[in-house]
Amino acid sequence: MWHRDSSAAKGPALYRQRLKVENMFARLKDWRRISMRYDRCAHTFFSAICVAGVCPYL
């Protein structure tokens with residue numbers, strides 16, 4: 001059985017990096033278009049991910 005703390009990144013720097021990635025995926029899930037994958041074309045889906053990733057920083 002896999003335990004989170006046995007393979008978790010140790011140290012504050014690695015924890016901060018992992019937290020940034022987890023928060024990015026949480027923000028992407030807020031966009032229904034991305035979480036439900038409404039776009040049929042791969043390039044349209046990728047562009048929606050890019051827009052959703054950049055919008056919080058604008």
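So, secondary structure: this chain has 4 helices and 0 strands. Helices here are DSSP runs of H or I with at least four residues, strands are runs of E with at least two, and both are numbered from the N terminus. If you read along the sequence, the pattern goes α-α-α-α.

Before I go on, a word on what we're looking at. This is a predicted model, where local features need pLDDT of at least 70 and side-chain atom pairs count only at pLDDT 80 or more, while totals for chains, interfaces and linings use all residues. Residues are numbered from 1 along each chain as its sequence is written, and side-chain values use heavy atoms, with hydrogens and water left out.

Okay, how much of the chain is buried? Of its 58 residues, 10% count as buried. Buried means under 20% relative accessible area, exposed means over 50%, and partly exposed is in between, using a 1.4 Å probe and protein chains only. The accessible surface comes to about 5200 Å², and 64% of that belongs to carbon and sulfur atoms. Those areas come from the Shrake-Rupley method with a 1.4 Å probe, and for residues only the protein chains shown count as cover.

Now the inside. Which residues make up the largest nonpolar core? There are 5 in all: Leu28, Ile34, Phe45, Ala48 and Ala52. H4 gives the most to this core, with 3 residues. A nonpolar core, by the way, is a set of buried Ala, Val, Leu, Ile, Met, Phe, Trp, Tyr and Cys residues joined through side-chain atoms within 4.5 Å.

Let's zoom in on Leu28. You'll find Leu28 in helix H2, and Leu28 counts as buried because its relative accessible area is 12%. Leaving out residues up to four places away in sequence, Leu28 touches Ile34, Ile49, Ala52 and Gly53, where contact means heavy atoms within 4.5 Å. Leu28 and Ala48 are 20 residues apart along the chain, and their C-alpha atoms are separated by 9.8 Å.

Val21, Met24 and Phe25 make a nonpolar patch of about 260 Å². Patches are made of residues with over 30% relative accessible area and no salt bridge: like charges are joined within 9 Å, and nonpolar side chains (Val, Leu, Ile, Met, Phe, Trp, Tyr) within 5 Å. Met24 sits in helix H2, residues 12-29, and counts as partly exposed at 34% relative accessibility.

Over in helix H4, residues 42-54, we have Phe46. Buried or exposed, what is Phe46? Exposed, because its relative accessible area is 55%. Phe46 and Ile34 are 12 residues apart in sequence and 9.2 Å apart in space, C-alpha to C-alpha.

Last stop, cysteines. The structure holds 0 disulfides, a disulfide being a pair of cysteine sulfur atoms within 2.5 Å. Cys41 is partly exposed at 38% relative accessibility, and Cys55 is partly exposed at 34%.

That's my tour, thanks!

Notes
A salt bridge is a side-chain nitrogen of Lys or Arg within 4 Å of a carboxyl oxygen of Asp or Glu.
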